[in-house]
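Take a look at it before reading on.

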Amino acid sequence: MTGTLSYRRQTAGEIARHTTQATGGPISRFTVARRLHGGGLFARRPVRCVPLTPAHRRRRSLWCREHRNWRDNEWGRVLFTDESRFSLSSDSHRILIWRERGSCNHPSNIIERDRYGGRGVLVWGGIMLGSRTDHHIFNAGSVNGTR
């Protein structure tokens, strides 16, 4: 199948329907999946990330350069925190993409996402050199410096 990557975000069924319409000959979604597998492509969930602006990227790169020579006693005073939101609704509309093994972090396989719909919980935690915080679960709202 030529141009396989142009079909990266379509299901095997959608590719089969498109191919059937284009050629006039019937093709099943199972045949499409077998051919894509034979070509080294597999249906996988894309990596999701919060979009970073060029300014975000520059500031992160600068921060790394400024701290590249820090010693353990300096890193021991730093706490890294993060939060993750977990949806409480079903994931029946999940998106799959066709990609090669080992290519999950390639930019074409990443979906940027910064808004979530539906009910969910937020889990927050932190790590530092030799230690970590407890996990904190928030049923509503967002985590800010005060909270």
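Buried means under 20% relative accessible area, exposed over 50%, and partly exposed in between (1.4 Å probe, protein chains only). This is a predicted model, where local features need pLDDT of at least 70 and side-chain atom pairs count only at pLDDT 80 or more, while totals for chains, interfaces and linings use all residues. Residues are numbered from 1 along each chain as its sequence is written, and side-chain values use heavy atoms, with hydrogens and water left out.

Q: Is arginine 45 buried, partly exposed or exposed?
A: Arginine 45 sits in the loop between strand E1 (41–44) and strand E2 (47–49). Strands here are DSSP runs (E, at least two residues), numbered from the N terminus. Its relative accessibility is 44%, so arginine 45 counts as partly exposed.

Q: How are the rings of tryptophan 75 and phenylalanine 80 arranged?
A: Rings of Phe, Tyr and Trp (its six-membered ring) pair if their centres lie within 6.5 Å; planes under 30 degrees apart count as stacked, over 60 as edge-to-face and the rest as tilted. The structure holds four aromatic pairs. In this one, the centres are 6.2 Å apart and the planes make 25°, so the pair is stacked.

Q: Which residues form one aromatic cluster?
A: Tryptophan 75 counts as partly exposed, at 22% relative accessibility. Phenylalanine 80 also counts as partly exposed, at 42%. The cluster is formed by Trp63, Trp70, Trp75 and Phe80.

Note on methods
Helix = DSSP H or I, 4+ residues; strand = E, 2+ residues; numbered from the N terminus.
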